[in-house]
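Dear colleague,

Please find below the structure that I am handing over to you.

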Amino acid sequence: LATALCFVLIAAAILSTVFVYLADDINLADLGWTPIGYRTDYVTDGTRPFEGIFDGNGYSISNFKITNGIDYAGLFNANSGEIRNLGVKNFDITMTSSNSDSFAGGLVAYNTGKIKNCYAIGSIGSTSDESIVGGLIGASQEEGIVANCYASTVVSGEYAGGLIAFNAGTVTDCYATGNVSSLEFEGIYIGGFIGYNSGVAITNCYSTGNISALSTREICAGSFIGYTRNGEIKNCYSTGVIVADVSAATMGNVVGKFIGQNGYTGGNGETAITNCYCSDDQKITITGTSQTNVEVTQKSTSELQSVDFQTSTLTWSSDI
(Lines give C-alpha, C1' and ligand atoms only; values in the text may rest on other atoms or scores of the structure.)
Protein backbone atom coordinates (compact mmCIF):
# COMPACT_ATOMS: atom_id res chain seq x y z
CA LEU A 1 0.00 0.00 0.00
CA ALA A 2 2.79 2.42 0.87
CA THR A 3 4.52 1.65 -2.42
CA ALA A 4 1.33 2.21 -4.40
CA LEU A 5 0.73 5.54 -2.67
CA CYS A 6 4.35 6.49 -3.32
CA PHE A 7 3.72 5.97 -7.03
CA VAL A 8 0.86 8.49 -6.86
CA LEU A 9 3.06 11.05 -5.14
CA ILE A 10 5.84 10.54 -7.68
CA ALA A 11 3.26 11.08 -10.42
CA ALA A 12 2.48 14.51 -9.03
CA ALA A 13 6.17 15.44 -9.19
CA ILE A 14 7.08 14.23 -12.69
CA LEU A 15 3.84 14.53 -14.62
CA SER A 16 5.32 14.85 -18.10
CA THR A 17 7.28 11.55 -18.10
CA VAL A 18 5.61 9.23 -15.61
CA PHE A 19 4.08 5.80 -16.08
CA VAL A 20 2.09 4.76 -13.02
CA TYR A 21 1.00 1.15 -12.52
CA LEU A 22 -0.90 0.40 -9.32
CA ALA A 23 -0.20 -2.87 -7.55
CA ASP A 24 -2.98 -2.65 -4.95
CA ASP A 25 -6.01 -0.66 -3.82
CA ILE A 26 -5.28 2.60 -2.01
CA ASN A 27 -7.41 3.70 0.94
CA LEU A 28 -6.74 7.35 1.76
CA ALA A 29 -8.65 7.11 5.07
CA ASP A 30 -10.75 10.28 4.55
CA LEU A 31 -7.64 12.31 3.82
CA GLY A 32 -8.11 15.95 2.82
CA TRP A 33 -6.88 15.51 -0.75
CA THR A 34 -4.98 17.93 -2.96
CA PRO A 35 -5.61 16.88 -6.59
CA ILE A 36 -2.73 15.34 -8.52
CA GLY A 37 -1.26 18.12 -10.64
CA TYR A 38 -2.41 21.00 -8.46
CA ARG A 39 0.31 23.60 -7.84
CA THR A 40 -0.17 26.93 -6.18
CA ASP A 41 2.83 28.33 -8.04
CA TYR A 42 1.65 27.27 -11.51
CA VAL A 43 -0.50 29.77 -13.42
CA THR A 44 -3.43 31.55 -11.89
CA ASP A 45 -5.81 28.61 -11.50
CA GLY A 46 -3.22 26.16 -10.12
CA THR A 47 -3.63 23.55 -12.86
CA ARG A 48 -0.94 21.46 -14.46
CA PRO A 49 -2.24 18.54 -16.55
CA PHE A 50 -1.12 15.00 -15.92
CA GLU A 51 0.67 14.10 -19.17
CA GLY A 52 1.79 10.54 -18.59
CA ILE A 53 0.01 7.18 -18.37
CA PHE A 54 -1.76 6.19 -15.16
CA ASP A 55 -2.80 2.52 -15.26
CA GLY A 56 -4.85 1.51 -12.24
CA ASN A 57 -4.54 -2.16 -13.19
CA GLY A 58 -8.15 -2.69 -12.07
CA TYR A 59 -7.56 -1.30 -8.56
CA SER A 60 -9.21 1.67 -6.87
CA ILE A 61 -8.35 4.75 -4.84
CA SER A 62 -10.94 5.41 -2.14
CA ASN A 63 -11.96 7.56 0.83
CA PHE A 64 -10.72 11.07 0.09
CA LYS A 65 -12.22 14.52 0.59
CA ILE A 66 -11.81 17.89 -1.14
CA THR A 67 -13.36 20.88 0.61
CA ASN A 68 -10.63 23.51 0.32
CA GLY A 69 -11.91 25.77 -2.49
CA ILE A 70 -9.66 24.43 -5.27
CA ASP A 71 -10.96 25.51 -8.69
CA TYR A 72 -10.17 22.17 -10.39
CA ALA A 73 -11.21 19.44 -7.94
CA GLY A 74 -10.92 15.68 -8.40
CA LEU A 75 -8.41 12.89 -7.85
CA PHE A 76 -6.63 14.59 -10.77
CA ASN A 77 -7.18 18.25 -11.41
CA ALA A 78 -6.42 17.98 -15.16
CA ASN A 79 -5.42 15.28 -17.64
CA SER A 80 -3.85 15.48 -21.08
CA GLY A 81 -2.32 12.00 -20.96
CA GLU A 82 -4.10 8.68 -20.44
CA ILE A 83 -5.83 7.38 -17.32
CA ARG A 84 -7.09 3.81 -17.55
CA ASN A 85 -8.32 0.82 -15.55
CA LEU A 86 -8.90 2.87 -12.40
CA GLY A 87 -11.76 3.33 -9.96
CA VAL A 88 -12.35 6.13 -7.45
CA LYS A 89 -14.71 5.31 -4.58
CA ASN A 90 -16.25 6.81 -1.45
CA PHE A 91 -15.05 10.32 -2.18
CA ASP A 92 -16.68 13.52 -0.97
CA ILE A 93 -15.97 16.66 -3.02
CA THR A 94 -17.58 20.00 -2.20
CA MET A 95 -16.76 22.94 -4.47
CA THR A 96 -16.50 26.20 -2.53
CA SER A 97 -14.56 28.30 -5.04
CA SER A 98 -15.66 31.91 -5.52
CA ASN A 99 -14.24 31.98 -9.07
CA SER A 100 -16.33 31.55 -12.21
CA ASP A 101 -15.92 28.36 -14.24
CA SER A 102 -14.77 26.08 -11.44
CA PHE A 103 -14.57 22.40 -12.42
CA ALA A 104 -15.04 19.19 -10.45
CA GLY A 105 -15.14 15.49 -11.28
CA GLY A 106 -14.65 12.41 -9.14
CA LEU A 107 -11.73 11.26 -11.30
CA VAL A 108 -10.70 14.36 -13.28
CA ALA A 109 -11.84 17.97 -13.16
CA TYR A 110 -10.67 18.95 -16.68
CA ASN A 111 -9.82 16.49 -19.45
CA THR A 112 -8.08 16.90 -22.81
CA GLY A 113 -6.67 13.36 -22.91
CA LYS A 114 -7.89 9.75 -22.82
CA ILE A 115 -9.87 8.15 -20.02
CA LYS A 116 -10.65 4.46 -20.47
CA ASN A 117 -12.09 1.68 -18.30
CA CYS A 118 -12.58 3.93 -15.28
CA TYR A 119 -15.39 4.47 -12.78
CA ALA A 120 -16.45 6.80 -9.98
CA ILE A 121 -18.68 6.12 -6.95
CA GLY A 122 -19.13 8.94 -4.45
CA SER A 123 -20.61 12.35 -3.81
CA ILE A 124 -19.71 15.61 -5.52
CA GLY A 125 -21.37 19.02 -5.33
CA SER A 126 -20.91 22.76 -5.37
CA THR A 127 -21.90 25.80 -3.37
CA SER A 128 -20.55 28.18 -6.03
CA ASP A 129 -22.16 29.79 -9.07
CA GLU A 130 -20.93 28.82 -12.57
CA SER A 131 -19.69 25.45 -11.30
CA ILE A 132 -19.14 22.60 -13.78
CA VAL A 133 -19.62 19.33 -11.90
CA GLY A 134 -19.65 15.77 -13.27
CA GLY A 135 -19.72 12.39 -11.58
CA LEU A 136 -16.56 11.18 -13.35
CA ILE A 137 -15.31 14.29 -15.21
CA GLY A 138 -16.07 17.98 -14.85
CA ALA A 139 -15.26 19.02 -18.43
CA SER A 140 -13.94 16.95 -21.35
CA GLN A 141 -12.78 19.11 -24.25
CA GLU A 142 -12.54 18.45 -28.01
CA GLU A 143 -9.40 16.34 -27.70
CA GLY A 144 -10.96 14.29 -24.91
CA ILE A 145 -11.78 10.61 -25.41
CA VAL A 146 -13.85 8.79 -22.78
CA ALA A 147 -14.55 5.07 -23.29
CA ASN A 148 -15.85 2.13 -21.24
CA CYS A 149 -16.45 4.24 -18.12
CA TYR A 150 -19.27 4.70 -15.63
CA ALA A 151 -20.29 6.83 -12.68
CA SER A 152 -22.67 6.10 -9.84
CA THR A 153 -22.25 9.43 -8.11
CA VAL A 154 -24.59 11.91 -6.45
CA VAL A 155 -23.95 15.17 -8.35
CA SER A 156 -24.98 18.78 -7.77
CA GLY A 157 -23.95 21.92 -9.69
CA GLU A 158 -24.90 24.54 -12.27
CA TYR A 159 -23.57 22.61 -15.26
CA ALA A 160 -24.17 19.12 -13.87
CA GLY A 161 -24.03 15.64 -15.41
CA GLY A 162 -24.11 12.11 -14.06
CA LEU A 163 -20.95 11.25 -16.02
CA ILE A 164 -19.66 14.57 -17.45
CA ALA A 165 -20.88 18.12 -16.83
CA PHE A 166 -19.52 19.72 -20.03
CA ASN A 167 -18.51 17.60 -23.01
CA ALA A 168 -16.96 18.64 -26.31
CA GLY A 169 -15.19 15.35 -27.06
CA THR A 170 -16.00 11.71 -27.84
CA VAL A 171 -17.82 9.40 -25.41
CA THR A 172 -18.30 5.68 -26.16
CA ASP A 173 -19.68 2.69 -24.21
CA CYS A 174 -20.36 4.58 -20.97
CA TYR A 175 -23.19 4.92 -18.46
CA ALA A 176 -24.29 6.91 -15.40
CA THR A 177 -26.69 5.85 -12.64
CA GLY A 178 -26.38 8.58 -10.00
CA ASN A 179 -28.98 11.26 -9.27
CA VAL A 180 -28.22 14.80 -10.44
CA SER A 181 -29.52 18.03 -8.90
CA SER A 182 -28.97 21.77 -8.99
CA LEU A 183 -28.74 24.52 -6.48
CA GLU A 184 -30.50 27.82 -7.07
CA PHE A 185 -28.22 29.21 -9.76
CA GLU A 186 -29.19 31.66 -12.48
CA GLY A 187 -28.92 29.20 -15.36
CA ILE A 188 -28.93 25.43 -15.25
CA TYR A 189 -27.71 22.81 -17.75
CA ILE A 190 -28.40 19.49 -16.13
CA GLY A 191 -28.58 15.93 -17.44
CA GLY A 192 -28.50 12.38 -16.15
CA PHE A 193 -25.54 11.66 -18.43
CA ILE A 194 -24.16 15.04 -19.59
CA GLY A 195 -25.23 18.54 -18.60
CA TYR A 196 -24.03 20.53 -21.64
CA ASN A 197 -22.86 18.75 -24.79
CA SER A 198 -21.04 20.23 -27.76
CA GLY A 199 -19.26 17.02 -28.58
CA VAL A 200 -18.13 15.08 -31.61
CA ALA A 201 -20.02 11.84 -30.91
CA ILE A 202 -21.76 10.00 -28.08
CA THR A 203 -22.30 6.32 -28.88
CA ASN A 204 -23.61 3.25 -27.01
CA CYS A 205 -24.38 4.99 -23.72
CA TYR A 206 -27.21 5.16 -21.18
CA SER A 207 -28.29 6.88 -17.97
CA THR A 208 -30.78 5.95 -15.25
CA GLY A 209 -30.34 8.69 -12.63
CA ASN A 210 -33.13 11.06 -11.62
CA ILE A 211 -32.97 14.83 -12.19
CA SER A 212 -33.96 17.61 -9.78
CA ALA A 213 -33.57 21.15 -11.15
CA LEU A 214 -34.24 24.58 -9.67
CA SER A 215 -33.44 27.96 -11.22
CA THR A 216 -34.37 31.60 -10.85
CA ARG A 217 -33.42 32.33 -14.47
CA GLU A 218 -33.60 29.41 -16.95
CA ILE A 219 -33.29 25.63 -17.11
CA CYS A 220 -32.28 23.15 -19.80
CA ALA A 221 -32.84 19.74 -18.22
CA GLY A 222 -32.97 16.27 -19.75
CA SER A 223 -32.81 12.76 -18.40
CA PHE A 224 -29.87 12.09 -20.77
CA ILE A 225 -28.53 15.55 -21.72
CA GLY A 226 -29.68 18.99 -20.63
CA TYR A 227 -28.50 20.94 -23.68
CA THR A 228 -26.77 19.71 -26.84
CA ARG A 229 -25.54 21.21 -30.10
CA ASN A 230 -23.68 19.81 -33.12
CA GLY A 231 -22.19 16.32 -33.37
CA GLU A 232 -24.12 13.04 -33.10
CA ILE A 233 -25.78 10.92 -30.43
CA LYS A 234 -26.29 7.30 -31.48
CA ASN A 235 -27.55 4.04 -29.90
CA CYS A 236 -28.33 5.52 -26.46
CA TYR A 237 -31.19 5.52 -23.94
CA SER A 238 -32.27 7.09 -20.64
CA THR A 239 -34.84 6.25 -17.98
CA GLY A 240 -34.51 8.94 -15.27
CA VAL A 241 -37.40 10.86 -13.69
CA ILE A 242 -37.27 14.69 -13.86
CA VAL A 243 -38.54 17.20 -11.30
CA ALA A 244 -38.08 20.87 -12.27
CA ASP A 245 -39.10 24.02 -10.41
CA VAL A 246 -39.12 26.99 -12.78
CA SER A 247 -41.76 29.02 -10.95
CA ALA A 248 -39.24 31.79 -10.19
CA ALA A 249 -37.45 31.62 -13.57
CA THR A 250 -37.46 34.77 -15.69
CA MET A 251 -36.35 33.27 -19.04
CA GLY A 252 -37.23 30.30 -21.26
CA ASN A 253 -37.16 26.81 -19.78
CA VAL A 254 -36.90 23.50 -21.64
CA VAL A 255 -37.28 20.06 -20.09
CA GLY A 256 -37.02 16.80 -22.03
CA LYS A 257 -37.42 13.11 -21.42
CA PHE A 258 -34.19 12.50 -23.35
CA ILE A 259 -32.75 15.95 -24.16
CA GLY A 260 -33.84 19.31 -22.78
CA GLN A 261 -32.87 21.48 -25.75
CA ASN A 262 -31.26 20.46 -29.03
CA GLY A 263 -29.49 23.27 -30.88
CA TYR A 264 -29.90 27.00 -30.73
CA THR A 265 -33.26 28.70 -30.54
CA GLY A 266 -34.79 28.41 -34.00
CA GLY A 267 -33.23 25.03 -34.76
CA ASN A 268 -29.66 25.91 -35.82
CA GLY A 269 -26.73 23.75 -34.75
CA GLU A 270 -28.80 20.72 -33.86
CA THR A 271 -27.22 17.43 -32.80
CA ALA A 272 -28.08 14.43 -35.00
CA ILE A 273 -29.92 11.86 -32.88
CA THR A 274 -29.94 8.33 -34.28
CA ASN A 275 -31.51 5.19 -32.81
CA CYS A 276 -32.00 6.64 -29.32
CA TYR A 277 -34.79 5.97 -26.82
CA CYS A 278 -36.29 6.98 -23.50
CA SER A 279 -38.58 5.18 -21.11
CA ASP A 280 -42.35 5.55 -21.30
CA ASP A 281 -42.32 4.97 -17.52
CA GLN A 282 -40.54 8.29 -16.97
CA LYS A 283 -42.39 11.10 -15.24
CA ILE A 284 -41.74 14.81 -15.68
CA THR A 285 -43.00 17.07 -12.91
CA ILE A 286 -42.74 20.81 -13.59
CA THR A 287 -43.66 23.68 -11.29
CA GLY A 288 -44.06 26.79 -13.42
CA THR A 289 -44.06 27.29 -17.21
CA SER A 290 -41.77 25.21 -19.41
CA GLN A 291 -41.56 23.66 -22.86
CA THR A 292 -41.48 19.86 -22.70
CA ASN A 293 -39.68 17.77 -25.33
CA VAL A 294 -39.78 14.09 -26.22
CA GLU A 295 -37.45 13.80 -29.22
CA VAL A 296 -36.99 10.04 -29.29
CA THR A 297 -39.07 6.86 -29.35
CA GLN A 298 -40.39 5.68 -26.00
CA LYS A 299 -40.13 2.09 -24.81
CA SER A 300 -40.77 0.42 -21.48
CA THR A 301 -37.86 0.42 -19.04
CA SER A 302 -37.83 -3.38 -18.97
CA GLU A 303 -37.50 -3.50 -22.77
CA LEU A 304 -34.72 -0.90 -22.81
CA GLN A 305 -32.80 -2.93 -20.24
CA SER A 306 -33.25 -6.28 -21.96
CA VAL A 307 -30.28 -7.97 -23.57
CA ASP A 308 -32.26 -8.64 -26.75
CA PHE A 309 -33.12 -4.94 -27.24
CA GLN A 310 -29.58 -3.81 -26.50
CA THR A 311 -27.94 -6.24 -28.89
CA SER A 312 -30.50 -6.26 -31.71
CA THR A 313 -31.96 -2.72 -31.68
CA LEU A 314 -29.20 -0.65 -30.10
CA THR A 315 -26.65 -2.89 -31.89
CA TRP A 316 -24.40 -3.03 -28.84
CA SER A 317 -21.89 -5.85 -28.98
CA SER A 318 -22.27 -8.49 -26.29
CA ASP A 319 -18.94 -7.54 -24.67
CA ILE A 320 -20.01 -3.95 -23.82
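Leaving aside its neighbours within four places in sequence, Gly134 is in contact with Ala104, Gly105, Gly106, Ile124, Val155, Gly161, Leu163, Ile164 and Ala165; contact means heavy atoms within 4.5 Å. Before I continue, please note that this is a predicted model, in which local features need pLDDT of at least 70 and side-chain atom pairs count only at pLDDT 80 or more, while totals for chains, interfaces and linings use all residues. Residues are numbered from 1 along each chain as its sequence is written, and side-chain values use heavy atoms, with hydrogens and water left out.

Strand E13

Gly134 belongs to strand E13, residues 131-134. Strands are DSSP runs (E, at least two residues), numbered from the N terminus. With a relative accessible area of 0%, Gly134 is buried; the term buried stands for under 20% relative accessible area, calculated with a 1.4 Å probe on protein chains only. Between the C-alpha atoms of Gly134 and Ala151, which are 17 residues apart along the chain, the separation is 9.0 Å.

Ser131 is also placed in E13, and its relative accessible area of 0% makes Ser131 buried. Its side chain makes a polar contact with the side chain of Ser126, at 3.1 Å. A polar contact is a pair of N or O atoms within 3.5 Å; within protein, one must be able to donate a hydrogen and the other to accept it, and residues adjacent in sequence count only if both atoms are side-chain atoms. Not counting residues up to four places away in sequence, Ser131 touches Ser102, Ser126, Gly157, Glu158, Tyr159 and Phe185.

The parallel sheet

An open sheet is formed by seven strands in the order E6-E10-E14-E18-E23-E27-E32, with parallel pairing. Two strands pair if DSSP finds at least two bridges between them. At the edges are E6 (76-79) and E32, each of which pairs on one side only. From one strand to the next, the twist averages 5°; the axes are lines fitted to C-alpha atoms, and angles run from 0 to 180 degrees between N-to-C directions.

E10 (residues 108-111) and E14 (residues 137-140) run parallel and are joined by three bridges, with Tyr110 opposite Ala139 in E14. E23 (residues 194-197) pairs with E27 (residues 225-228) in the parallel sense, over three bridges, and Tyr196 has Tyr227 in E27 as its bridge partner. E27 in turn pairs with E32 (residues 259-262), again parallel and over three bridges. There, Tyr227 stands opposite Gln261.

Aromatic pairs

Rings of Phe, Tyr and Trp (its six-membered ring) pair if their centres lie within 6.5 Å; planes under 30 degrees apart count as stacked, over 60 as edge-to-face and the rest as tilted. The count comes to 24 aromatic pairs. One of them is the stacked pair of Phe193 and Phe224, at 4.8 Å centre to centre and with 5° between the planes. Phe193 lies in the loop between E22 (185-191) and E23, and Phe224 in the loop between E26 (211-222) and E27, so this pair ties together parts that are 31 residues apart in sequence. Phe193 is buried at 0% relative accessibility, and Phe224 is buried with a relative accessible area of 0%.

Phe224 also pairs with Phe258: their ring centres are 4.8 Å apart and their planes are at 5°, so the pair is stacked. Phe258 lies in the loop between E31 (253-256) and E32, 34 residues from Phe224. Phe258 counts as buried, at 0% relative accessibility. Finally, one aromatic cluster is formed by Tyr119, Tyr150, Tyr175, Tyr206, Tyr237 and Trp316.

With kind regards

How values were computed:
Helix = DSSP H or I, 4+ residues; strand = E, 2+ residues; numbered from the N terminus. Buried < 20%, exposed > 50% of the residue type's maximum accessible area, 1.4 Å probe, protein only.
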